[in-house]
Amino acid sequence: ILDKNPDNLRARRGLITVRLKEGNLVEARKELKTLFAKNPSDVEGHFHQGRLALQEGHTQEAIQEVLQALKLEPRFAEAHYTLGLAYLRDGKVQQARQAFKEALNTAPDSVAPALRLAELDLQAGAYRPAIESLERLLAKHPEAVDAYILLGSAYLKKGDPGKATEVYRKILTQAPKDPRGPYFVGGGLRFQGKRAEAKKQFEAALALAPGYVDALDQLVTMAFTEKQPDAE
């Protein structure tokens with residue numbers, strides 16, 4: 001498209017998105033330079049410039065570029081979310097939390113900012129708010145595997161491994177080919193002292209993903225605990 005119509009800014013923005021997703025930062029920067037030459041105040045351009053800076057580890061530049069995008073378009077939900085990521089990288093947790101909240105205010109059904117807020121609640125020891133928000137999220141998005149994982153973690157930290165395991169089992173239904181399902185179920189069972197059942201789940205995770213190191217580590221640890229090093 002761009003070969004025939006180099007002034008097609010929508011196509012160029014799309015190409016920049018692809019280049020950033022690929023991790024091809026050199027080409028992304030090249031396309032951004034062309035985009036800004038045609039439209040210095042391009043909202044998505046500043047947003048992508050911020051994403052590029054974040055991927056390169058230039059946190060302050062990322063923050064400034066995304067803020068510029070939000071100045072031009074205050075209801076840019078993805079920009080609020082990216083700003084939150086940049087603030088987190090910069091160690092500014094409260095600013096990150098506010099940015100994620102703004103992302104949700106702008107796009108209430110967004111999964112990513114809701115997960116980030118729940119993570120921050122868990123890190124702060126606010127288990128009940130994390131559980132409530134994750135349950136609301138899963139009511140809308142029952143396919144969100146990461147939400148089950150976080151919710152199970154919240155119940156574990158609350159000292160309720162039975163409930164955590166119940167939550168993890170839902171992954172088996174929602175994403176039967178995802179090795180994280182049996183892996184986390186195994187973790188919940190092991191936490192309850194149900195070693196034989198836990199072992200079967202870790203083995204099931206490895207059957208789904210033979211290179212799943214975390215599941216293998218669990219089996220090796222259990223083997224050593226049982227004084228069966230030959231199981232390694």
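What covers the buried residues of H3? The cover includes helix H1 (9-22), helix H2 (25-38), helix H4 (59-72) and helix H5 (77-89). This is a predicted model, in which local features need pLDDT of at least 70 and side-chain atom pairs count only at pLDDT 80 or more, while totals for chains, interfaces and linings use all residues. Residues are numbered from 1 along each chain as its sequence is written, and side-chain values use heavy atoms, with hydrogens and water left out.

Helix H3 covers residues 43-56; helices here are DSSP runs of H or I with at least four residues, numbered from the N terminus. From its first C-alpha to its last, the 14-residue H3 reaches 20 Å, close to the 20 Å expected at 1.5 Å a residue (the expected span is 1.5 Å times one less than the number of residues). Of the 14 residues in H3, 10 are buried, meaning under 20% relative accessible area with a 1.4 Å probe and protein chains only. Among them are His46, Phe47, Arg51 and Leu54. At the N-terminal end, Asp42 caps H3 with a side-chain oxygen 3.3 Å from the backbone nitrogen of Glu44. Just after H3, Gly57 has a positive phi of about 90 degrees.

Helix H2, part of that cover, holds Glu31. With a relative accessible area of 11%, Glu31 is buried. Its side chain makes a polar contact with the side chain of Arg12 at 2.5 Å. A polar contact is a pair of N or O atoms within 3.5 Å; within protein, one must be able to donate a hydrogen and the other to accept it, and residues adjacent in sequence count only if both atoms are side-chain atoms. Leaving aside neighbours within four places in sequence, Glu31 is in contact (heavy atoms within 4.5 Å) with Arg12, Leu15 and Ile16.

The axes of helix H8 (residues 127-140) and helix H9 (residues 145-157) come within 9 Å and cross at roughly 150 degrees. H8 is therefore roughly antiparallel to H9, a term for angles over 145 degrees. Residues of H8 that meet H9 include Tyr127, Ile131 and Leu134.

Asp178 lies in the loop between helix H10 (161-174) and helix H11 (180-191). Asp178 counts as buried because its relative accessibility is 15%. The side chain of Asp178 reaches the backbone nitrogen of Arg180 at 2.9 Å. Not counting residues up to four places away in sequence, Asp178 touches Val145 and Leu208.

Conventions:
Helix = DSSP H or I, 4+ residues; strand = E, 2+ residues; numbered from the N terminus. Buried < 20%, exposed > 50% of the residue type's maximum accessible area, 1.4 Å probe, protein only. Axes fitted to C-alpha atoms, helices over the stretch in contact; angles between N-to-C directions. Parallel < 35°, antiparallel > 145°, perpendicular 65-115°, else oblique.
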